[in-house]
Structure formats: structure tokens, C-alpha cells
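Take a look at the model below. We will go through its aromatic rings, then one of its helices.

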Amino acid sequence: MLSSELLHDVMANRRGCPSGWVSHTNKCYLLSSFTTSWPTAESYCRTFSAKLAEPMDQSSVNFLSGEVKGSAPLKNTNYYIGGGDLFVEGEWIWMSTQAPISVTNWNTGEPNDLGGQEDCLEIIPPTGLWNDILCSVQQGFICEMDNEYAQSLIG
């Protein structure tokens, strides 16, 4: 049984997410407070045993869209998430698992591979829609990790 102190700490920590992260379903998300390239963003997320966000369902897509439109720590920047078509042009996958991206939120006319070099995925405030972008652009990013507290409740 959880002590009242531990229960308070867990609840104050957004249902088991580390401080500064936000909880949605069984995931924790961190919206970066600095800008960097896609490869460096992915590496940064891994330092937390996390990855760039990979919203697998419409609920998660909507949640992340709302986060970048609302309380994002950086203004005037877009946010990388974990999708790309780096291996086969036009075949968008979640890079950590190589799973095809099945639920999308592309902006009209996207992905368009402008200049033949847009292989990474970003979310654009204020619309929350997706765009393909050069992986070297310096911008915000969103990390994702499993919410261990939620996982323990689920089983």
C-alpha cells in the first residue's frame, strides 16, 4: 500500500511522470525548452530513456497538437516528433520502431519533400498540424516515455 507521502509525490508529479513532463494516457511527454536538430533531439531524449514522440492514436495526436498550440515553452518554433522517411522517400515511419505511421495530422499539401530533402516530421503551432522538414533545422522537439505509474495500474 502506498504511503500518503508517496501518493502525494506521485500525484504531484503528474501521475508518475518526471518533473517538467506532462502525462497523457500511459505516456509522459517533455516539450523542449531549447532548439536543436532532429538527430540531436533524438539523442537528448535517449538520455532520459525516452524517444522523440510517436503518437500512435488520434487521442495522442490531438493531445500533442493541443500542447504545442497551448502551453509550449518555446514560442515561434515548430516541434520535431519521431517520424521520418529517411530510408524510403514517401514511406513515413516511426523511426524508433520502423512501424508505418498510420494515424496522421498532415497540413494541406504535406508531406511535399520540398527541395527533395525534407525527411523529418514536425508539429506546427498554432495549428498543431504536421509538416515534413529538413532534419538539420534548429527547432523545438517533444520527447516521449512510458508512464511507469500508469503502466503499473494497467498491469
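Rings of Phe, Tyr and Trp (its six-membered ring) pair if their centres lie within 6.5 Å; planes under 30 degrees apart count as stacked, over 60 as edge-to-face and the rest as tilted. By that rule, Trp 21, Phe 34, Tyr 44, Phe 48 and Phe 141 form one aromatic cluster. This is a predicted model: local features need pLDDT of at least 70, side-chain atom pairs count only at pLDDT 80 or more, and totals for chains, interfaces and linings use all residues. Residues are numbered from 1 along each chain as its sequence is written, and side-chain values use heavy atoms, with hydrogens and water left out.

The structure holds 9 aromatic pairs. One of them joins Tyr 44 and Phe 48: the ring centres are 5.3 Å apart and the planes stand at 65°, so the pair is edge-to-face. Tyr 44 is partly exposed, at 28% relative accessible area. Phe 48 is also partly exposed, at 35%. Here buried means under 20% relative accessible area, exposed over 50%, and partly exposed in between (1.4 Å probe, protein chains only).

Now turn to Trp 92 and Trp 106. Their ring centres lie 5.0 Å apart with planes at 70°, so this pair is edge-to-face. The pair links distant parts of the chain, 14 residues apart: Trp 92 sits in the loop between E4 and strand E5 (93–94), Trp 106 in the loop between strand E6 (99–100) and E7. Helices (H or I, at least four residues) and strands (E, at least two) are DSSP runs, numbered from the N terminus. Both Trp 92 and Trp 106 are buried.

Last, helix H3 (residues 58–69). Its buried residues include Val 61, Phe 63 and Leu 64.
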